[in-house]
Amino acid sequence: MKVFLSGIITTPYAREFLLQCASVLRGQGIECYTSVEGTWKPGGERAEGTVDQDYQALVEADALVAVLDGFNVNDGVAGHIGTFHALMQRDPGKKGILGILHDTRVARWDWKAGASALNYYILGCIQQRGRVYRSFPDALAELLQLSGRDPPAAGESA
Amino acid sequence: MKIYMAGPLFTPYHRAFIARNAQRLSEAGFICYVPHERGVTREIEWASGHPRTAGGIFDMDYEMVAGANAIVALLDDPDVSSGTACEIGIFYGLMQNDTTKKGILGLLTDAQAWKREQVGAPPINAFTLGCVEKVGKVCKTVDEVVAQLTTWKREMRQAGLPD
């Protein structure tokens, strides 16, 4: 199982979150691509190189995990979702899109609003072949199920 | 010297970053007001069916803003958080008649904002930027923040103000 991990990459703590998620995925035996690793440097990327590299990783991925935080979903993340949705149309092997939404302005503090206040086009795109989760461990449990594995036991680090 | 830590509190990684910065400032001898610690109170209130109203949240945060000698405001993301911008405006206004208030420090780590600056555009909203620059500055790192706060603390002591 290969996962493309998409999220906000412009601040150090958002990148740190993605790197922690990537580390957990790899610890669970799931291959993972996130654009902030390797030779990537803040502000150093070029538009052309970014799209080529990310597109290739989306082609190779079985699932997209997208962090949907922000008042609006980050434009780069939205681009990844759209591209992966299109790729799913001609690749039945792709498992789907798993969104993660923490943002309390959108989901509320108790997550009572869930994903309902997200942009409907993006939400629809995800819900055709996936759903939105309130945390990374919830999304991980689904990923493990998709890859035919049991979710982490209670107390196991996720 | 009391510092109000302003910034977006809406994701776990924003809150963790602000908490780490507050810890760093506390270790440097500053008293930090960290509003997201009140967020825990808010979650309990939601869970108990007694959510605080917008007015209640305003009163709670205003008390901390008004009681601070300086603000450290996290300015990241595509737009400065509206709550943060409002707090910057309030503090700028309060500073005009209160010599115990030393200034506002922005902390901007967002690569996209600095990219805007490189091509000559304001990295954040020009009014918010002006507010900060008139009474402080925008920093790229917490080290810069600590250095400026230390200078302000020294100035307060020299002026005989309680720090």
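This is a predicted model: local features need pLDDT of at least 70, side-chain atom pairs count only at pLDDT 80 or more; totals for chains, interfaces and linings use all residues.
Biologist: Which residues make the contact of helix 3 with helix 5 in chain A?

Modeller: Ala78(A), Ile81(A) and His85(A) come from helix 3. They meet Ile122(A), Cys125(A), Ile126(A) and Gln128(A) of helix 5. By class, that contact has five nonpolar residues, two polar and no charged.

Biologist: What makes helix 1 and helix 6 of chain A roughly parallel?

Modeller: The axes of helix 1 (residues 12–27) and helix 6 (residues 136–146) of chain A cross at roughly 30°. The cut-off for roughly parallel is under 35 degrees. Helix 1 and helix 6 of chain A are therefore roughly parallel to each other. Their axes come within 12 Å, and the crossing is right-handed.

Biologist: How do you know which class of residue makes up the contact of helix 1 with helix 6 in chain A?

Modeller: Look at the list. Phe17(A), Cys21(A), Val24(A) and Leu25(A) in helix 1 meet Phe136(A), Leu140(A) and Leu143(A) in helix 6. Phe, Cys, Val and Leu count as nonpolar. So the contact has seven nonpolar residues, no polar and no charged.

Biologist: Now chain B. Why are helix 4 and helix 6 of chain B described as oblique?

Modeller: The axes of helix 4 (residues 82–95) and helix 6 (residues 126–135) of chain B cross at roughly 40° and come within 10 Å. Roughly parallel needs an angle under 35 degrees. Helix 4 and helix 6 of chain B are therefore oblique to each other. Helix 4 passes helix 6 in a left-handed crossing.

Biologist: What makes one residue of that chain B contact count as charged?

Modeller: Ala85(B), Ile88(B), Tyr92(B) and Met95(B) in helix 4 meet Thr128(B), Cys131(B), Val132(B), Lys134(B) and Val135(B) in helix 6. Lys counts as charged, so Lys134(B) is the charged one. The contact also has seven nonpolar residues and one polar.

Biologist: How do you know that Arg20(B) and Glu16(A) meet in a salt bridge?

Modeller: Their side chains are 3.0 Å apart, N to O. The cut-off is within 4 Å, so the pair qualifies as a salt bridge. The count between chain A and chain B is one.

Biologist: How many residues are in contact between chain A and chain B, and what area is buried?

Modeller: In chain A, 20 residues are in contact with 21 residues of chain B. The two chains bury about 1,900 Å² between them, 62% of it on carbon and sulfur atoms. Thr10(A), Tyr13(A) and Trp109(A) supply 44% of the area that chain A buries against chain B, more than any other three residues.

Notes:
Residues are numbered from 1 along each chain as its sequence is written. Chains are lettered from A and ligands numbered from 1 in the order in which they are written. Side-chain values use heavy atoms; hydrogens and water are left out. Contact means heavy atoms within 4.5 Å. Helices (H or I, at least four residues) and strands (E, at least two) are DSSP runs, numbered from the N terminus. Buried area is the accessible area (1.4 Å probe) that two parts lose on being put together, summed over both. Axes are lines fitted to C-alpha atoms, for helices over the stretch in contact, and angles run from 0 to 180 degrees between N-to-C directions. Angles under 35 degrees count as roughly parallel, over 145 as roughly antiparallel, 65 to 115 as roughly perpendicular and the rest as oblique. A crossing is left-handed if the near helix is turned anticlockwise from the far one by less than a right angle, and right-handed if clockwise.
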